[in-house]
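Here is a quick tour of a protein model for someone meeting it for the first time.

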Amino acid sequence: MENEVAIRFVVFLIVFLVLVAAEWALPRRKRSLPRAGRWTTNIGIVILDTITLQLIAIVIPLLAIGAAMDASARGWGIFNNLGWPAWLEILIVVVFLDFVIWAQHMIMHKIPVLWRLHRVHHADRDVDVTTAVRFHPIEIALSMIIKIGFVYVLGAAVLAVVLFEIMLNGMAMFNHANLKLSARTDAILRLIVVTPDMHRVHHSTLRTEHDTNFGFSLSVWDHLFATYTPQPSRGHETMSLGLQWQDDSPARLGWSLMLPFKRDDNR
């Protein structure tokens with residue numbers, strides 16, 4: 001697909017800027033830390049993640065998109081051997097890949113060595129639009145490898161993968177946004193998608209809450225597998241976000257990158 005990278009970047013930038021403006025106009029919570037330090041660290045992690053993916057791209061050009069192109073050329077995967085309508089294939093691939101991301105997210109919480117990586121994301125004390133891209137480079141690499149594997153198994157069309165990537169990035173920024181929605185709007189939206197209030201519960205310091213609401217885009221998976229918590233027990237304005245034992249260190253880039261290798265494994 002021509003200009004795929006440019007299209008995804010433009011959509012990412014537009015969604016990011018819109019949500020930053022929305023956070024400024026309608027904040028849900030007061031910030032614990034200034035934006036400058038946190039954002040510098042979170043954006044620094046994004047840059048390292050991008051470099052990591054570029055290194056993977058040396059082996060698999062264009063990553064998940066390249067996998068879809070390669071699978072199509074070789075006739076590999078389920079949908080490359082079926083004559084189903086393109087719209088139905090795209091719908092199934094997008095929904096199934098969203099389930100894969102949900103399952104991967106849950107597993108990251110359940111397996112200790114993977115949790116050590118994933119807690120870099122949870123260490124952020126102020127959840128906002130930049131938290132959506134705060135993932136340790138090793139976790140990003142593992143996630144991409146898993147995604148590539150399922151793209152080959154499915155024989156997913158390039159357009160389906162592109163649409164999924166755009167949806168995943170956009171929805172991750174939306175549901176991490178420090179954004180206040182009306183109770184009615186939130187209730188209607190979360191029938192289908194993950195809202196900021198729904199996902200904020202997942203960033204609670206309480207393990208009973210942060211081990212729920214694993215969805216990134218569609219809310220159905222948490223309802224279906226009984227991992228849904230509607231509201232935080234301490235309220236959205238007063239709940240504590242992050243990790244139980246942390247201080248302000250997550251705002252530092254070096255500390256965040258070294259967190260998976262620290263001995264303290266408290267949740």
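## How the spaces are found

On a 1 Å grid over the protein atoms alone, a cavity is a set of points where a 1.4 Å probe fits but cannot get out, while a pocket is an open set with protein on both sides within 12 Å along at least five of seven lines; a lining residue has an atom within 4 Å of a point. Grid points are joined across faces, edges and corners, and a volume is the space filled by probe spheres set on the points. Searching the whole structure this way turns up two cavities of 30 Å³ or more.

A word on the model itself: it is predicted, so local features need pLDDT of at least 70 and side-chain atom pairs count only at pLDDT 80 or more, whereas totals for chains, interfaces and linings use all residues. Residues are numbered from 1 along each chain as its sequence is written, and side-chain values use heavy atoms, with hydrogens and water left out.

## The two cavities

The largest cavity holds about 60 Å³ of space. Its lining is made of R29, K30, R31, D126, V127, D128, N178, R200 and L241. Sorted by type, that gives two nonpolar, one polar and six charged residues. Here Ala, Val, Leu, Ile, Met, Phe, Trp, Tyr, Cys and Pro count as nonpolar, Asp, Glu, Lys and Arg as charged, and the others, Gly among them, as polar.

The second largest cavity has about 50 Å³, and R8, V11, F12, V15, E165, I166, N169, G170 and M173 line it. Helices α1 and α7 are the elements that give two or more residues to this lining, and α7 has the largest share with five. This lining divides into five nonpolar, two polar and two charged residues.

## The largest pocket

What is the volume of the largest pocket? It comes to about 1,300 Å³. There are 36 residues in its lining, and R8, V46, T50, L53 and N169 are the closest to its centre.

Helices α1, α2, α3, α4 (86-110), α6 (137-154) and α7 each supply at least two lining residues, with α2 giving the most, seven. The lining of the largest pocket has 22 nonpolar, eight polar and six charged residues.

## Helix α1

Helices (H or I, at least four residues) are DSSP runs, numbered from the N terminus. Helix α1 covers residues 4-25, 22 residues in total, and reaches 32 Å from its first C-alpha to its last, close to the 32 Å expected at 1.5 Å a residue. That expected span is 1.5 Å times one less than the number of residues.

E23 has a relative accessible area of 2%. Leaving aside residues up to four places away in sequence, E23 touches (heavy atoms within 4.5 Å) R31, D128, V129, H176, A177, N178 and L179.

## Two loop residues

N213 sits in the loop between α10 (207-210) and α11 (220-224), and A226 in the loop between α11 and α12 (253-258). Phi of N213 is near 55°, a positive value in a residue other than glycine, and phi of A226 is near 55° too. N213 is buried at 1% relative accessibility, whereas A226 is exposed at 70%.

Conventions:
Buried < 20%, exposed > 50% of the residue type's maximum accessible area, 1.4 Å probe, protein only.
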